[in-house]
Amino acid sequence: MPDYFLYLGSSGVNNWLALSESDEFPITARLTELLRQSLPSLTTYLRGIFSLVSIGVGSGEKERMLLEALVPRSTSTYYAVDISREMVDQALKRVADINVEKIGLVALLEDLALIRQYWSPPILLCLLGNNFGAHEPDWLLETVHAQLKGNDMFLFDCHLLPASRRSQARVYEQVQQMYRAPSNLRFNLAPLVRRGMEPDSGIFHADLVPVKTGSGTVYGIKRWLEITKDSVIHCGASQVFLKAGDTINRGVTYKCTRSQIADYLNRHGFQESAFYLSPDENYLLTLVRKQPHF
Ligand SMILES: C[S@@+](CC[C@H](N)C(=O)[O-])C[C@H]1O[C@@H](n2cnc3c(N)ncnc32)[C@H](O)[C@@H]1O
């Protein structure tokens, strides 16, 4: 079951907002705070940006902060892109009072080559709210690099893996705790519950697995749902029968150290113009552009 199923429909929007505001899932709030604190410096690097394009825009809270700073300078167009139409609506509504041309696109990040036909450079491409970690980093950076021009910029944030082994063991505990939290379980079961499953018929599992990459061993969070009671899911006119013991694979998200991110960027022809770390150095916000002669 792909991640984006969780965000679809008006219930997807409400479930995501409830999770992102919950104390049991602090990542979104921490990344929002990091952006807020970085804005005065960040915007000095963004002179001349014509369009802001945000993929996986969600409710558009961070984009509002960026547009408030950028529209008085040079930015005149905003593209809010998300696979959830309701998220796009929400993101556009959030900036209704800002004097910027607003364009909503319901699309996947995987369609970046198509999406680029709509935007006018130079752009600031945003992938915020830990969306970076939801994709395999080599694929992601190659995909973004292929669609950007020399004057475009790319802004993303992520939850970092600490460098030391001891701290990594702590992250393992935190990940387990975060995924076992009731709010997260509710969020992850919601697409099935909406289609008829009883809320107590599944448990969510997450495991941290080492993944060898060109930038060393990064950690993948492998996630799956275990069905604990026989259930029937209704999909349109069809029914899907799930048996106790069945598993629904939820794919992998990625966590890298700060130096691995730097290495990934370098290998894929990006240079960092500015970067910001949270005071505990667990969160990174980085602004990059293409290396001139890559
Ligand atoms: C973790 S939320 C982040 C939302 C927002 N950027 C933030 O900072 O709060 C992920 C968002 O990306 C969207 N999404 C998930 N997979 C996507 C994909 N492959 N392409 C485009 N949007 C996607 C979801 O609908 C959701 O709105």
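With 11 C-beta neighbours inside 10 Å, Glu281 counts as exposed. Glu281 sits in the loop between strand S11 (270-277) and strand S12 (283-290). Its phi is positive, about 60 degrees, although Glu281 is not a glycine.

A quick word on what you're looking at: this is a predicted model, where local features need pLDDT of at least 70, side-chain atom pairs count only at pLDDT 80 or more, and totals for chains, interfaces and linings use all residues. Residue numbers start from 1 along each chain as its sequence is written.

**The whole protein**

There are 9 helices and 12 strands here. Both are DSSP runs numbered from the N terminus, with helices (H or I) at least four residues long and strands (E) at least two. The radius of gyration is 19 Å, close to the 19 Å that the globule rule gives for 294 residues, so the protein is as compact as a globular protein of that length. That radius is taken over C-alpha atoms, and the rule is 2.2 Å times the number of residues to the power 0.38. Along its principal axes, the C-alpha trace spans about 55 × 45 × 30 Å.

Buried residues make up 35% of the 294. As for contacts with a separation of 6 or more, 72% of them are between residues 24 or more positions apart. A contact means that two C-beta atoms, placed from the backbone, lie within 7 Å.

Leu8 is partly exposed, with 18 C-beta neighbours inside 10 Å. Leu8 and Val106 are 98 residues apart in sequence and 11 Å apart in space, C-alpha to C-alpha.

H1 (residues 9-20) packs with two helices described here, H8 (residues 182-193) and H4 (residues 85-94). The axes are lines fitted to C-alpha atoms over the stretch in contact, and the angles run from 0 to 180 degrees between N-to-C directions.

| Pair | Crossing angle | Axes |
|---|---|---|
| H1 and H8 | roughly 165 degrees | within 10 Å |
| H1 and H4 | about 60 degrees | 8 Å apart |

H1 and H8 are therefore roughly antiparallel, while H1 and H4 are oblique. The cut-offs are under 35 degrees for roughly parallel, over 145 for roughly antiparallel, 65 to 115 for roughly perpendicular, and oblique for the rest.

On the H8 side, Ser11, Asn15, Ala18 and Leu19 in H1 meet Ser183, Asn184, Phe187 and Ala190 in H8. By class, that contact has 4 nonpolar, 4 polar and no charged residues. Here Ala, Val, Leu, Ile, Met, Phe, Trp, Tyr, Cys and Pro count as nonpolar, Asp, Glu, Lys and Arg as charged, and the others, Gly among them, as polar.

On the H4 side, Gly9, Ser10, Gly12 and Val13 in H1 meet Glu86, Met87 and Gln90 in H4. By class, the H1 contact with H4 has 2 nonpolar, 4 polar and 1 charged residues.

Pro121 and Pro122 are joined by a cis peptide bond, with omega about -5 degrees. Pro122 is in the loop between helix H5 (112-115) and strand S4 (123-127).

Asn130 belongs to the loop between S4 and helix H6 (137-147). Asn130 has a positive phi of about 70 degrees, although it is not a glycine. With 19 other C-beta atoms within 10 Å, Asn130 is partly exposed.

Methods:
Buried ≥ 20, exposed ≤ 12 C-beta atoms within 10 Å, placed from the backbone.
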